[in-house]
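Reader: I am new to this structure and would like to understand the words used for it. Could you show it to me and take my questions one by one?

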Amino acid sequence: MRYSTLCKIKGYSIIILTLIFSNINGQDIQFSQFYSAPLYLNPAFAGSAHHYRGILHQRLQWPNITGKFTTSLFSFDKYFNKYKSGIALMAIQDYQGTNAISSSQVGLQYAYELHVSEKLTIRPGLQLDYVSKSLNYDVLRFPRNFDSTGYLGGAMPQDLTGRKSFADVSTGVVLYSDKLWVAISAHHINTPNQSFLGNVSRLPAKFTFISGYKIPLTKKVEHESVVEDVKDISITPTVHYKFQGKSDQLDLGLYGIYDQALIALWYRGIPIKQYHAEYVIGNQIFDQKFPNNESMVVVLGWMWKSISITYSYDFTISKLSQARTGGSHELNLTFIQHKHHKSVKPMRRLPCPHFYKK
């Protein structure tokens with residue numbers, strides 16, 4: 001192998017390692033169906049369905065390339081009317097790249113529901129997590145493992161450890177009426193150390209803002225304490241903005257619900273913003289700017305009795321589309337234990353896009 005080729009291998013190794021470790025240092029999992037995984041979005045949603053609720057959620061990102069991401073989420077939450085409180089359990093398993101990096105997370109959430117007026121309700125929430133990350137060095141290649149003859153092999157560097165565990169603290173609040181909601185959350189407020197190399201990397205706090213307005217196209221007929229069931233037909237424009245460290249992202253979308261069916265269209269990106277990237281290959285330094293246009297997302301959903309299923313696909317519209325990544329797929333299965341009591345007026349519920357019957 002020539003020296004010039006070896007330099008290129010070293011350069012590409014540096015790029016790969018930079019991407020891997022920047023992912024460790026930086027960004028959280030990003031769900032396109034964030035309303036389908038509400039407990040991940042904000043702990044203040046714990047118990048917000050006012051029923052028993054179980055959720056299974058799966059995301060597969062960039063399946064056609066080696067650096068794919070696979071994420072599985074399970075959550076269960078319940079509302080206790082006597083204590084005006086909701087509690088939740090959430091577990092997440094995430095694999096990055098060729099399973100080089102994996103992460104397991106288990107958390108408990110608590111939210112309190114306070115009716116501040118006849119029309120407004122506020123729900124503060126708190127979340128405590130235990131997170132365990134592992135790094136498989138067998139699939140990594142370091143520049144020092146190469147010479148002019150090719151790859152020499154090598155063991156895990158002595159200054160690195162393959163596992164890291166830490167506690168994580170998050171909080172959030174939701175303010176809503178029968179049509180409007182506004183929510184903010186702060187995750188990783190304790191900025192835990194997640195580094196595999198001593199104490200060189202702390203997880204930056206992530207802040208999230210969401211808001212939306214439900215526009216009903218049908219009216220419910222109320223007679224004293226009884227509410228008649230009618231088809232839920234509505235459209236809901238909504239916005240989702242988040243920032244973490246030096247990165248931020250914006251989702252703009254519109255949900256449409258027709259009784260048992262849901263359809264939504266999202267745009268993800270900040271078109272007025274550009275990313276600045278500098279990288280080295282061999283002895284050359286490259287500098288490039290990329291517009292912040294990430295993807296268009298289509299969401300389809302259907303409800304049958306107490307079960308709803310929702311699927312979404314991300315169409316990549318950034319420069320990454322040239323790599324033919326295969327986009328991103330998400331599948332959500334939600335179970336709601338409905339208990340209808342015609343003689344009791346239903347509780348005020350969040351107007352976020354959902355299939356929950358009143």
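Reader: How many cavities of 30 Å³ or more does the structure hold?

Author: Two cavities of 30 Å³ or more are found. On a 1 Å grid over the protein atoms alone, a cavity is a set of points where a 1.4 Å probe fits but cannot get out. A note on the source: this is a predicted model, where local features need pLDDT of at least 70 and side-chain atom pairs count only at pLDDT 80 or more, while totals for chains, interfaces and linings use all residues. Residues are numbered from 1 along each chain as its sequence is written, and side-chain values use heavy atoms, with hydrogens and water left out.

Reader: What makes up the lining of the second largest cavity?

Author: Lining residues have an atom within 4 Å of a point. Here they are Ile29, Gln30, Phe31, Phe34, Tyr40, Leu41, Lys206, Thr208, His240 and Lys242. By class, five are nonpolar, three polar and two charged. The space inside is about 100 Å³, a volume being the space filled by probe spheres set on the points.

Reader: Why is the pair of Tyr35 and Trp181 called edge-to-face?

Author: Rings of Phe, Tyr and Trp (its six-membered ring) pair if their centres lie within 6.5 Å; planes under 30 degrees apart count as stacked, over 60 as edge-to-face and the rest as tilted. Eleven aromatic pairs are counted by this rule. For Tyr35 and Trp181, the centres are 5.8 Å apart and the planes 85° apart, so the pair is edge-to-face. This pair links distant parts of the chain, 146 residues apart: Tyr35 is in the loop between α1 (3-25) and α2, and Trp181 in strand β10 (residues 180-187). Strands (E, at least two residues) and helices (H or I, at least four) are DSSP runs, numbered from the N terminus.

Reader: What about Tyr255 and Trp266: how far apart are their ring centres?

Author: They are 5.7 Å centre to centre, with 80° between the planes, and this pair is edge-to-face too. Phe34, Tyr35, Trp181, Tyr255 and Trp266 form one aromatic cluster.

Reader: How do you know whether Tyr255 is buried or exposed?

Author: Buried means under 20% relative accessible area, exposed over 50%, partly exposed in between (1.4 Å probe, protein chains only). Tyr255 has 5% relative accessibility, so it counts as buried. Trp266, at 2%, therefore counts as buried as well.

Reader: Over which ring does the charged end of Lys78 sit, 4.7 Å from its centre?

Author: That is the ring of Phe80. A charge sits over a ring if NZ of Lys or CZ of Arg is within 6 Å of the ring centre and within 35 degrees of the ring normal. Lys78 also lies over the face of Tyr52, at 4.9 Å from the ring centre.

Methods. 1 Å grid on protein atoms, 1.4 Å probe; cavity = no way out; pocket = protein on both sides within 12 Å on 5 of 7 lines; lining within 4 Å. Nonpolar A, V, L, I, M, F, W, Y, C, P; charged D, E, K, R; others polar.
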